[in-house]
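This briefing goes through one structure topic by topic. Please keep the sequence and the 3D view at hand while reading.

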Amino acid sequence: MTASSPLDVVQRPALDAAAIRVQFPILRTCVHGQPLVYLDNAASAQKPDRVVDAVADYYLRQHANIHRGAYQLSITATRLHEEARACVARFINAAEPAECIFTRGTTESINLVAASWGKANLRPGDEIILSELEHHSNIVPWQMAAQASEARIRVIPIDDAGELRLDVYRQLLSPRTRLVAVTQVSNALGTVNPVQEIISAAHAAGALVLIDGAQWVAHGRTDVQALDADFYAFSGHKLYGPTGIGVLYGKRRLLEAMPPYQGGGDMIERVTFAHTTYAELPNKFEAGTPHIAGAVGLAAAIDWLCAAGLEAAATHEALLLRHATQRLSAIPGIEIKGTARNKAGVLSWVVTDPPMGTLDIGVALDFKGICIRTGHHCCQPLMDRLGLASTARASFGVYNTIAEVDCLAAELAAIIDAGRGQRVSVGAVPAPAAGRPTGAPEILYPGAEAESPAAAAELIREVFELLPDWSMRYQHLMGLGARLPVMPETLKTPANFVSGCQSLVHLDARVRSDSTDILEFLADSDAAIVRGLIALLQQLFSGQSATTILAFNAQAFFGQIGLDEHLSLGRRNGLAAMVQRLRQLASRVVGQRGVRDLEAASPAAVHCSHT
Ligand code: PLP
């Protein structure tokens with residue numbers, strides 16, 4: 001990266017972001033009372049009114065089913081659908097529109113090739129090369145195809161900057177390599193891969209190449225013929241177009257040789273009960289009524305982006321990325337992840353000092369109106385390679401501004417400052433306890449706060465009702481989380497790990513030593529909001545009898561207080577996983593007590609999570 005001051009960046013705008021912004025009504029809205037700063041474009045881009053209007057106009061004035069109609073409206077809809085295909089073909093410079101298959105998105109495009117081409121071509125011992133940077137959409141379909149055919153997956157590693165090790169790639173290529181499937185831009189780190197070089201090396205080895213262009217098409221010119229890509233996949237919604245529409249480009253001779261992916265209407269030439277012959281391209285791969293409005297919207301998005309200027313957009317986003325990298329690198333405690341020489345508009349980071357869960361960063365920024373993404377970004381193998389569970393990620397689009405990047409940097413610095421020294425460590429109390437070796441600290445498990453889970457639920461409900469809005473309720477949860485006793489590290493064992501949560505969660509339960517069925521538990525997470533949820537669970541359940549825990553419908557209660565509606569799906573799943581773990585432990589206690597009652601055994605504590 002070349003050194004230049006932020007001012008230098010500000011003084012050379014490459015694109016009139018203000019003129020662009022007015023075309024996106026959503027950018028004038030507020031979140032939690034703050035102006036929206038949308039920095040999650042790698043997940044999905046916002047839509048200009050031109051795209052929304054095109055889709056609305058289609059539905060209001062031009063909709064009918066395509067292909068089979070003898071009437072004017074159907075002919076018009078068919079024309080619009082096929083014009084959209086021609087627009088896509090021009091956009092990526094396909095040799096002909098029939099090489100562009102409409103799909104639901106990148107995921108379906110890759111699944112189509114893996115299922116159809118894979119079935120026809122993969123044999124035991126064949127190899128498919130992927131890379132460590134891949135999104136799950138470009139891993140799992142190939143694993144399924146490899147499993148079905150007994151083919152093998154090989155993986156191009158990355159270096160510490162997040163660049164592909166092309167030296168290793170060349171060694172992996174062999175006569176066994178049938179296909180190389182790599183992303184053009186990493187959605188998690190922003191690395192732009194040298195796809196031209198990757199394709200020519202694969203071709204020299206006799207292999208085909210599929211490029212996952214999901215993160216590229218909105219940020220630079222695409223020319224599938226110049227690249228000589230065999231397959232190219234992308235989604236409309238990352239390109240300022242609608243969701244549910246995407247494209248698979250394939251060379252005609254390859255597509256023609258592939259069996260259909262799905263059967264149904266529109267993909268046939270002639271059907272009898274004895275035999276079916278298939279339609280020509282592209283219909284062979286488009287069974288059923290397609291997403292006509294999606295195709296119309298996608299074409300509108302492509303036209304809009306091309307008119308705004310793809311090169312100007314790329315330059316603008318490069319400036320934003322450079323400025324963001326400079327600003328965030330200067331904040332003590334932040335580590336940028338992914339420092340490749342060639343990056344598109346994606347910036348990933350973690351906060352190491354003080355250590356902060358990325359989910360907490362995302363939630364705290366949300367309260368300032370700033371949308372970023374946190375998590376593994378559907379790249380778990382990449383996270384494993386980086387030794388991380390997740391990163392925080394800002395990703396830029398044409399409408400983002402230097403002022404928004406400054407806002408992100410300022411809020412992030414404030415969050416990190418506020419986070420310093422906030423966590424209290426009170427998990428272990430240094431008092432000898434009966435039955436423990438002298439000197440070993442007693443671990444405090446929270447006792448009951450009410451006489452039953454139902455009574456505890458009433459108290460929680462009252463507090464939630466007193467708080468005026470969800471912003472305050474979140475803050476209340478964060479406060480509860482901050483006061484949660486930290487679980488001793490010795491209890492954070494694999495057996496206590498709760499899977500199914502977006503963040504790292506451990507839960508350790510025991511039966512209180514003076515009872516046969518009072519369950520107490522400690523839990524902890526690396527995310528403050530999840531610690532808040534753990535605090536709620538402790539209020540409800542810790543110190544209650546296993547029987548009353550099992551009798552209480554926690555999920556229904558969370559629905560009643562609105563938690564279900566206001567938690568993200570990931571957090572909801574995490575909460576459900578914790579509840580399920582507690583119920584399993586409670587069932588086990590009830591089962592064991594039954595046995596003990598029968599045997600009239602002594603009521604010694606059962607450490608259920610270690611059994
Ligand atoms: N590939 C990459 C690199 C992505 O970033 C994504 C989505 O984030 C996908 C594939 C999947 O795209 P979609 O969910 O639109 O099918």
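A polar side-chain atom of T107 lies 2.5 Å from an oxygen atom of the ligand. The model is a predicted one. The points below begin with the ligand and go on to domains, aromatic rings, single residues and backbone features.

**Ligand surroundings**

- The ligand is surrounded by 13 residues, and the closest are T107, D212, Q215, S235 and K238.
- In D212, a polar atom of the side chain lies 2.5 Å from a nitrogen atom of the ligand.
- The side chain of Q215 has an N or O atom 2.7 Å from an oxygen atom of the ligand.
- The ligand exposes 400 Å² when taken alone, and the protein buries 84% of that area.

**Domains**

- The domain assignment of the protein chain gives three entries: domain 1 covers 99–289, domain 2 covers 321–422 and domain 3 covers 453–598.
- Between the C-alpha centres of domain 1 and domain 3 the distance is 43 Å.

**Aromatic rings**

- A pair of aromatic rings is described by two values, the distance of the centres and the angle of the planes.
- Rings count as a pair if their centres lie within 6.5 Å, and by this rule there are 14 aromatic pairs.
- The ring centres of F91 and F234 are 6.5 Å apart and the planes stand at 65°, so this pair is edge-to-face; the cut-off for that class is over 60 degrees.
- F91 belongs to helix α4 (residues 72–92) and F234 to strand β9 (residues 231–235), so the pair ties together parts that are 143 residues apart in sequence.
- F91 and F234 are both buried.
- For F367 and Y474 the ring centres lie 5.5 Å apart with the planes at 75°, so this pair is also edge-to-face.
- F367 sits in the loop between α13 (358–366) and β16 (370–371), while Y474 sits in helix α17 (residues 470–482); the pair links distant parts of the chain, 107 residues apart.
- F367 has a relative accessible area of 13%, so F367 is buried.
- Y474 is buried as well, because its relative accessible area is 8%; the cut-off for buried is under 20%.
- One aromatic cluster is formed by F24, Y240, W304 and Y399.

**Two buried residues**

- E132 lies in the loop between β5 (127–131) and α6 (140–149).
- The relative accessible area of E132 is 19%, so E132 counts as buried.
- A polar atom in the side chain of E132 is 2.8 Å from the backbone nitrogen of I158.
- A202 is part of helix α8 (residues 195–204).
- With a relative accessible area of 0%, A202 is buried.
- A202 and I129 are 73 residues apart in sequence, and their C-alpha atoms are 9.7 Å apart in space.

**Cis peptide bonds**

- The peptide bond that leads from L281 to P282 is cis, and its omega is near 0°.
- P282 is located in the loop between β12 (276–278) and α11 (292–308).
- A cis peptide bond also runs from D353 to P354, with omega near -5°.
- P354 is located in the loop between β14 (346–352) and β15 (355–356).

**Positive phi angles**

- H32 is a residue other than glycine, yet its phi is positive, near 50°.
- The loop between β1 (30–31) and β2 (34–35) contains H32.
- H32 has a relative accessible area of 34%, so H32 is partly exposed.
- H377 is not a glycine either, and its phi is positive at about 55°.
- The loop between β17 (373–375) and α14 (380–386) contains H377.
- H377 is buried, because its relative accessible area is 7%.

Terms used:
Residues numbered from 1 in each chain as written. Predicted model: local features only at pLDDT ≥ 70, side-chain atom pairs only at ≥ 80, totals over all residues. Heavy atoms only, no water. Phe/Tyr/Trp six-rings, centres within 6.5 Å; stacked < 30°, edge-to-face > 60°. Helix = DSSP H or I, 4+ residues; strand = E, 2+ residues; numbered from the N terminus. Buried < 20%, exposed > 50% of the residue type's maximum accessible area, 1.4 Å probe, protein only. Near = heavy atom within 4 Å. Polar contact = N/O pair within 3.5 Å; in protein donor to acceptor, adjacent residues only side chain to side chain. Areas by Shrake-Rupley, 256 points an atom, 1.4 Å probe, with all protein chains shown as cover. Domains from an automatic or database assignment.
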